[in-house]
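The tour moves from one selection to the next.

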Amino acid sequence: MTTAQAARVRDPERSAKILDAAVELFASRGFHSVAMSDIGQTAGIVGSGIYRHFESKYAVLVALLEDVMTRLSSSADRIVAMHADTASTMKHLVETQIDFCLHNRRYVQLYRQEINSLQDSDRRRLRRMQRRYNEEWIATLLEMRPELDDSRARVLVHAAIGAIQSSVTLDSGLPPDEQAASLMAIAQNCLATEW
């Protein structure tokens, strides 16, 4: 192995730079309009250098969309494990979704735009992760509001998550704490709960 190859292998930040560049480009221009050379240029590396980390542009997209669902699912698992009472669990699920959307706007935009660009097997796998994430919300809401049936709980959860995620398509101009407070109030109204 040459010194140059060793240096490339030792750069743990290169994959992150590639993904950061790709999410911006894919979300703003669309997956199909972006070339590997565009990603490389934005990341500050030669386009062909991306292939040391990802086998294709499609593999970059899959990695980005998997990251969205992995982070959200992991946070939901931690919240459910940490909080004994359902009101606290629901509040933290909502807060985490809001925080994720406010601080990862491009990732959420990309997921919403490009999930249907995936091959069937990848799309099904990510949709399963998404359903599992939603199930944590639904189960928590049903515990909080036992008068609801499963179908009504699903509608309310999808409305709350959809309302929160809609914030990624609008630059409200509000400071993040004010936007978070507004989104929290909207989610509470959608779920018809208080905490």
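Select α4 (57-82), α5 (86-103), α6 (105-114), α7 (120-144) and α8 (150-165): each supplies at least two residues to the lining of the largest pocket. Helices here are DSSP runs of H or I with at least four residues, strands are E runs of at least two, and numbering starts at the N terminus. The model is predicted, so to read it note that local features need pLDDT of at least 70, side-chain atom pairs count only at pLDDT 80 or more, and totals for chains, interfaces and linings use all residues. Residues are numbered from 1 along each chain as its sequence is written, and side-chain values use heavy atoms, with hydrogens and water left out.

**The pocket**

Stay with the largest pocket. Its volume is about 240 Å³. Now pick Tyr-111, Arg-112, Gln-130, Ile-161 and Gln-165; of the 17 lining residues, these are the closest to the pocket centre. Colour the lining by class: nine residues are nonpolar, six polar and two charged. Nonpolar means Ala, Val, Leu, Ile, Met, Phe, Trp, Tyr, Cys and Pro; charged means Asp, Glu, Lys and Arg; the others, Gly among them, are polar.

On a 1 Å grid over the protein atoms alone, a pocket is an open set of points where a 1.4 Å probe fits, with protein on both sides within 12 Å along at least five of seven lines; lining residues have an atom within 4 Å of a point. Points are joined across faces, edges and corners, and the volume is the space filled by probe spheres set on them.

**α7 against α8**

Axes are lines fitted to C-alpha atoms over the stretch in contact, and angles run from 0 to 180 degrees between N-to-C directions. Angles under 35 degrees count as roughly parallel, over 145 as roughly antiparallel, 65 to 115 as roughly perpendicular, and the rest as oblique. The crossing is right-handed, meaning that the near helix is turned clockwise from the far one by less than a right angle.

Among the contacts (heavy atoms within 4.5 Å), α7 brings residues including Tyr-133, Trp-137 and Leu-141, and α8 brings residues including Ala-153, Val-157 and Ile-161. By class, this contact has eleven nonpolar, two polar and three charged residues.

**α5 against α8**

Keep α8 and bring in α5. They pack at about 30°, with axes 9 Å apart. α5 and α8 are therefore roughly parallel. α5 passes α8 in a right-handed crossing. Select Val-94, Gln-97, Ile-98 and Cys-101 in α5; they meet Ile-161, Ile-164 and Gln-165 in α8. Five of these contact residues are nonpolar, two polar and none charged.

**α2 against α3**

Move to α2 (residues 13-29) and α3 (residues 36-43), whose axes come within 8 Å and cross at roughly 125°. α2 and α3 are therefore oblique, and their crossing is right-handed.

**Zoom out**

Show the whole chain. What does its secondary structure come to? Nine helices and zero strands. The C-alpha atoms fill a box of roughly 65 × 35 × 30 Å along the principal axes.
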